[in-house]
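Good morning, everyone. Before I say anything, please take a moment to look at the sequence and the model on the screen, and then we will walk through it together.

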Amino acid sequence: MIRESQILACSGVLYPPEGFRHVGVQIWQARQLAGVRKPRMCLIATAVGDSREFIDGWCARAASFGDTDLSYLQLFTQPNVRDVRAHLLAQDVIFVSGGSVVNLLAVWRAHRLDEILRECWEKGVVLAGQSAGSLCWHVGGVTDSFSDDLDALNDGLGFLPFTKWRP
């Protein structure tokens, strides 16, 4: 199935409080964009340092939306899949967590994930994410990854040829 290139970039709550009603809306929407009955979805949680707690929580939430083939890509301390490119190209949706967009971009570039993700996008894999996982696709924007202040980020992946912030 050939799909057009799609990116679902949205804000969200990284660690929602108990009872927060909108948890997982982005996951549900990304599933819908895939346009298949049982989507293959891969979480990339680099922005939270591949936190096991985050990965487990995300997978539980994603599974609650129906039959899905879930996986995750860890890059710390090394990739958890033998062939990262093949694994990601086999997905219907790649979902990127929030967290530190600055650290995410540095680690991804070291692993050539920036190139692999562009190839996935061009082949119709839905790219989705919240916070850092949405900012990364843009040319730039603002981030609190450097400090508690909002600072400019000018070296995003540039899949979306505009910024999420204007000075």
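This is a predicted model: local features need pLDDT of at least 70, side-chain atom pairs count only at pLDDT 80 or more; totals for chains, interfaces and linings use all residues.

**How the strands and helices fit together**

Residues are numbered from 1 along each chain as its sequence is written, and side-chain values use heavy atoms, with hydrogens and water left out.

When I say helix or strand, I mean a DSSP run, numbered from the N terminus, of at least four residues for helices (H or I) and at least two for strands (E). Two strands pair if DSSP finds at least two bridges between them. The pair I started with belongs to strand E6, residues 138-143, and strand E8, residues 160-163, which pair in the parallel sense over two bridges. Strand E6 is also joined to strand E7, residues 151-153, by three bridges, and these two run antiparallel; there, Val142 has Ala152 in E7 as its bridge partner.

Now to another sheet: in what order do the five strands of the open sheet come? The order is E1-E5-E4-E2-E3, and the pairing is parallel. Strand E1 (7-10) and strand E3 (69-73) stand at the edges with a single partner strand each, so one side of each is left without a neighbour in the sheet. Neighbouring strands of this sheet are turned by 20° against each other on average, direction ignored; for such angles, axes are lines fitted to C-alpha atoms, for helices over the stretch in contact, and angles run from 0 to 180 degrees between N-to-C directions.

If we go through the pairings, E1 and E5 are joined in the parallel sense over four bridges, and Ile7 has Leu127 in E5 as its bridge partner. E4 and E5 run parallel and are joined by four bridges, with Val93 partnered by Val126 in E5. Strand E2 (residues 40-44) and strand E4 (residues 93-96) also pair in the parallel sense over four bridges, and here Ile44 stands opposite Val96 in E4.

Is strand E5 mostly covered or mostly open? E5 is mostly covered, since five of its five residues are buried, where buried means under 20% relative accessible area, exposed over 50%, and partly exposed in between (1.4 Å probe, protein chains only). In a regular strand the side chains alternate between the two faces of the sheet. In E5, Val126, Ala128 and Gln130 on one side and Leu127 and Gly129 on the other are all buried.

Let us turn to the helices. In helix H1 (residues 25-34), Gln26, Ile27, Ala30, Arg31 and Ala34 are buried. They cover an arc of only 140° around the axis, which puts them on the same side of H1; the arc is that of the directions from the helix axis to the C-beta atoms. Helix H5 has its own buried residues, namely Leu113, Asp114, Ile116, Leu117, Cys120 and Trp121. Seen down the axis of H5, these fall within an arc of 165°, so they line one face of the helix.

What about the interior? A nonpolar core is a set of buried Ala, Val, Leu, Ile, Met, Phe, Trp, Tyr and Cys residues joined through side-chain atoms within 4.5 Å. The largest one has 31 residues, and those with the most contacts inside it are Leu88, Trp108, Leu113, Leu117 and Trp137. Apart from it lies another core, of 18 residues, among them Leu43, Ala45, Trp58 and Ala62.

Finally, the aromatic rings. Rings of Phe, Tyr and Trp (its six-membered ring) pair if their centres lie within 6.5 Å, and planes under 30 degrees apart count as stacked, over 60 as edge-to-face and the rest as tilted. The structure holds four aromatic pairs. Trp58 and Phe95 have ring centres 5.6 Å apart and planes at 40°, so the pair is tilted. This pair links distant parts of the chain, with Trp58 in helix H2 and Phe95 in strand E4, 37 residues apart. Trp121 and Phe159 form a stacked pair, with 5.3 Å centre to centre and 10° between the planes. Trp121 lies in helix H5 and Phe159 in the loop between E7 and E8, so the pair ties together parts that are 38 residues apart in sequence. Ring pairs also link Trp108, Trp121, Trp137 and Phe159 into a cluster.
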